[in-house]
Amino acid sequence: MEKAFIVYWSSTGNTEAMANVIAEGVKAAGGTPELVFVDSVNVDELLAQPAFAIGCPAMGAEELDESVDSFVSEIEGKVSGKNVLLFGSYDWGDGEWMRTWQERMEKAGAVIVTGAGVIANNAPDSDAEASLKAAGAELAKL
């Protein structure tokens, strides 16, 4: 893969930290990570890739942030057959927003990298970091 796009939105810095760990995994696997804040992503360039990552923390009643939700709505009809890594952090709840998001992307035809989204309770701990690095390495190979 020429570039491994890692698109994210972060409020407290936890999801941004996760994006950076994914980038480490991409680099370790010989890829070139491209970290992009969701408001700055070039959708055409992103969709030209066979795989990419999208990160968003849980907001409110375990839902996507409005900017990420709008972005997902924009690309939803164009992700069939794409490999998509979903990731994000949460402060409370049980990860329902990630399960809902994963289901939404799968219904749109996306293949979820690692089979499930990667979540972290607040800042990523060592277990989450290991999962994120492995996911980044997998993303780089697609």
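**Exercise 1. Locate tryptophan 92 and find which residues it touches.**

Step 1. Tryptophan 92 sits in the loop between strand 4 and helix 4. Helices (H or I, at least four residues) and strands (E, at least two) are DSSP runs, numbered from the N terminus. The structure is a predicted model, in which local features need pLDDT of at least 70, side-chain atom pairs count only at pLDDT 80 or more, and totals for chains, interfaces and linings use all residues. Residues are numbered from 1 along each chain as its sequence is written, and side-chain values use heavy atoms, with hydrogens and water left out.

Step 2. Contact means heavy atoms within 4.5 Å. Not counting residues up to four places away in sequence, tryptophan 92 touches Gly60, Ala61 and Glu62.

Step 3. Along the chain, tryptophan 92 and glutamate 62 are 30 residues apart, and their C-alpha atoms are separated by 8.5 Å.

**Exercise 2. Decide whether strand 4 is buried or exposed, and find which strands it pairs with.**

Step 1. Buried means under 20% relative accessible area, exposed over 50%, and partly exposed in between (1.4 Å probe, protein chains only). Eight of the eight residues of strand 4 are buried, so this strand is largely enclosed by the rest of the structure.

Step 2. In a regular strand the side chains alternate between the two faces of the sheet. From strand 4, Asn83, Leu85, Phe87 and Ser89 point one way, while Val84, Leu86, Gly88 and Tyr90 point the other way, and all are buried.

Step 3. Two strands pair if DSSP finds at least two bridges between them. Strand 4 (residues 83–90) is joined to strand 3 by five bridges, and the two run parallel. Isoleucine 54 stands opposite leucine 86 in strand 4, and phenylalanine 52 has valine 84 as its bridge partner there.

Step 4. Two bridges join strand 4 to strand 5 (residues 111–112), again in parallel. Asparagine 83 stands opposite valine 111 of strand 5. Between these strands the chain passes through helix 4 (residues 96–107), and this β-α-β crossover is right-handed. Right-handed means that, with the strands pointing away from the viewer, the path from the first strand over the helix to the second runs clockwise.

Step 5. Strand 4 also pairs in the parallel sense with strand 6 (residues 118–121), over four bridges. The bridge partner of tyrosine 90 in strand 6 is asparagine 121.

**Exercise 3. Describe the surroundings of strand 3.**

Step 1. Five of the five residues of strand 3 (residues 51–55) are buried, so the strand is largely enclosed by the rest of the structure. Ala51, Ala53 and Gly55 cover one side, with Phe52 and Ile54 on the other, and all are buried.

Step 2. Strand 1 (residues 4–8) runs parallel to strand 3 and is joined to it by four bridges. Valine 7 stands opposite isoleucine 54.

Step 3. Strand 3, helix 3 (residues 66–75) and strand 4 form a right-handed β-α-β unit.

**Exercise 4. Describe the setting of valine 26.**

Step 1. Valine 26 belongs to helix 1. Its relative accessible area is 0%, so valine 26 is buried.

Step 2. Leaving out residues up to four places away in sequence, valine 26 touches Ala4, Ile6, Gly31, Thr32, Pro33, Gly136, Ala137, Leu139 and Ala140.

Step 3. Valine 26 and leucine 142 are 116 residues apart in sequence and 11 Å apart in space, C-alpha to C-alpha.

**Exercise 5. Find which non-glycine residues have a positive phi, and where they sit.**

Step 1. Most residues other than glycine have a negative phi, and most peptide bonds are trans.

Step 2. Threonine 114 is not a glycine, yet has a positive phi of about 75 degrees. The residue lies in the loop between strand 5 and strand 6 and is partly exposed, with a relative accessible area of 38%.

Step 3. Asparagine 122 also has a positive phi, near 60 degrees. Its place is in the loop between strand 6 and helix 5 (126–140), and asparagine 122 is partly exposed at 29% relative accessible area.

**Exercise 6. List which residues line the largest pocket, and sort the lining by class.**

Step 1. On a 1 Å grid over the protein atoms alone, a pocket is an open set of points where a 1.4 Å probe fits, with protein on both sides within 12 Å along at least five of seven lines; lining residues have an atom within 4 Å of a point.

Step 2. The lining consists of Ser11, Thr12, Asn14, Thr15, Pro57, Ala58, Met59, Ser89, Tyr90, Asp91 and Asn122. Helix 1 (14–28) and strand 4 each supply at least two of the lining residues.

Step 3. Ala, Val, Leu, Ile, Met, Phe, Trp, Tyr, Cys and Pro count as nonpolar, Asp, Glu, Lys and Arg as charged, and the others, Gly among them, as polar. By these classes the lining has four nonpolar, six polar and one charged residues.
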